[in-house]
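User: I am new to this structure and would be grateful for a close look at a single part of it.

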Amino acid sequence: MSVGGSSLAGIQPNASLVGDDITGRLKRATDESKLVKGLLIGTSLGFLTLVLFVPLVAIFAEALRKGIGVFLASFTNHAALSAIWLTVLTSAICVPLNVVFGLASAWAITKFQFRGKSALITLIDLPFAVSPVISGLIFVLLFGMQGLLGPWLRGHDIQIIFAAPGIVLATLFVTFPFVARELIPLMQEQGTDEELAAVSLGASGWQTFWRVTLPNVKWALLYGVILCNARAMGEFGAVSVVSGHIRGQTNTLPLHVEILYNEYNFAAAFAVASLLALLAILTLAAKTVVEWRVRREYAQALEPTGAEE
Amino acid sequence: MSTSRTTRTILPGFGLTMGYTVLYLSLVVLIPLGALVLKSGSLGWHGFWAAAWNPRVIASYELTFFTSFVSALINAFFGLIVAWTLVRYTLPGKSFIDAVIDLPFALPTAVSGIALTAVYAQNGWFGRYLEPLGIRVAFTPLGIIVALTFIGLPFVVRTLQPAIEEIDRETEEAAASLGANRWQTFWRVILPTILPALLTGFALSFARALGEYGSVVFISGNMPMKTEITSLLIITKLEQYDYAGATAIATMMLVASFVLLFAINLLQWWNGRKFRGAV
């Protein structure tokens, strides 16, 4: 992108005498001076350092403060291991369920015309507008002791709140839109031409889905899965409300961090936190790699039709 | 995009996928949210107001809105500078910095909370140098603002980046050749162009801050009337088995965030961008 050159090229032959002056003036007015530029870059980096970089480094530094022995010991006890297990389990349930939903809803919304489509899309995005604590609260109101279904559940000896099912439900709610909202815009852009071609050539619905649609959206799907998994493993507020905070039973990793921290066991709290921070860094790395693949899927979706709008 | 879809499509699977979508949406999202509405309705007008509008709750609303607003302002200001730097300048490690902007999205809020506390507490990395200057961050509203700034930053940067990329450089050149200096060009040409994106980023950051819990509770100190945010108050009510109180306050917050969501949609429509937006 040689911006600036394009329009200048037109002027310069006519104004060769004053060319340098115009170039200089335009440069001054379309680029910041060195001083301003330096100031802006300095402010940016300074702000990011104070708000992002130092806190990130602090997690690992605090985790290793009492030595590698204490660090490792933070993971080898029953409470930590069971928190890891419950976190992985929750994500292993929520991500596939939301993938199936994401694919189904994207197929229905983008391959067919029906009334109330935009209302449906708004409803799918709804959990993003609900704060974490309220996301947990609604399940307490539904399944808690005094909840709507509470007496019935107690009668049948089923426990949802303060137990693993509540954690899974709350996580399902907060991660609900992630996959769908990555797929819907892309599939909307891709239209139905390829699927229609496949079906008219005799492919069944499943074959069309597996061989045409899925390969076309695989990177966007993976992107959605990465985001969904990160949130599923890291959700704190919603899970905190529905979990009984029972050590070794209903603790996920973020809740385990909170308990350790509140017990002033800072080294262990930061050790467990560093595991989650590592997961976040991996998520960012994977996200960066997958992001440009998704952009290519968009570019390909726009290509065959040629004209925009 | 140009295919006319007025005719009936031959693609299969509408009934199955639509049915599943509606069923799953109802089970996971609509019915649980309905429980909140139902419970809220059962409180009666007086019960609802008594729970949702008393001094301690009002203090939490004021604190939550004030700190969210200030942090969104801080993010709008610095986020604009960060986005500008990332789009317009070349600097070493830019793609790394760009990726790290999303850290607050990826990092579990509890981890952000204890990390920020470690840095800004009285004896923390920065806190120990701020304390002699008379600046206390942790366990004050300032600490809440720091946490909310951390959480909200990516919303502003990610909304602004594409808007700055799309600025037509030729308009800037036109302004310049008509005699505008850089500051005038920024103020009269660039800022009006990116204003919708800036406002959207501000609103998204503000909305996220209103409901934030995890990153705030560790640094805020949680003193009723002073540093108790609304999300925390809801949890406190729940722990006391005051379901009515928790529900009433939650309903107020939910209404506030829906109003904001509506405003954000209007802004995004103004912005003319259909699919971009922070996660």
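Is Tyr120(B) buried or exposed, and what is its relative accessible area? Please continue from there to the aromatic pairs and to the contact of the two chains.

Analyst: The model is a predicted one. In it, Tyr120(B) has a relative accessible area of 9%, so this residue is buried, the limit being under 20%. Its ring pairs with that of Phe126(B), the centres being 5.7 Å apart. Because the planes of these two rings stand at 70°, the pair is edge-to-face. Phe126(B), for its part, is partly exposed, with a relative accessible area of 23%.

Another of them joins Phe176(A) and Tyr24(B), which are stacked, with 5.6 Å from centre to centre and 15° between the planes. That pair crosses between chains, from the loop between helix H9 (164-175) and helix H10 (177-190) of chain A to helix H1 of chain B. Phe176(A) counts as buried at 0% relative accessibility, and Tyr24(B) counts as buried at 7%. Ring pairs also link a cluster that includes Phe236(A), Tyr261(A), Tyr213(B) and Phe218(B).

As to the contact of the chains, 94 residues of chain B meet 104 residues of chain A. The area buried between them is about 9,000 Å², and carbon and sulfur atoms give 77% of it. Two salt bridges are found across this interface. Arg182(B) forms a salt bridge with Glu32(A), with the closest N and O atoms 2.8 Å apart. Helix H1 (residues 14-42) of chain B supplies the largest share of the side of chain B that touches chain A, namely 17 residues. The residues of that side comprise 66 nonpolar, 19 polar and nine charged.

Methods. Residues are numbered from 1 along each chain as its sequence is written. Chains are lettered from A and ligands numbered from 1 in the order in which they are written. This is a predicted model: local features need pLDDT of at least 70, side-chain atom pairs count only at pLDDT 80 or more; totals for chains, interfaces and linings use all residues. Side-chain values use heavy atoms; hydrogens and water are left out. Contact means heavy atoms within 4.5 Å. Buried area is the accessible area (1.4 Å probe) that two parts lose on being put together, summed over both. A salt bridge is a side-chain nitrogen of Lys or Arg within 4 Å of a carboxyl oxygen of Asp or Glu. Helices (H or I, at least four residues) and strands (E, at least two) are DSSP runs, numbered from the N terminus. Ala, Val, Leu, Ile, Met, Phe, Trp, Tyr, Cys and Pro count as nonpolar, Asp, Glu, Lys and Arg as charged, and the others, Gly among them, as polar. Rings of Phe, Tyr and Trp (its six-membered ring) pair if their centres lie within 6.5 Å; planes under 30 degrees apart count as stacked, over 60 as edge-to-face and the rest as tilted. Buried means under 20% relative accessible area, exposed over 50%, partly exposed in between (1.4 Å probe, protein chains only).
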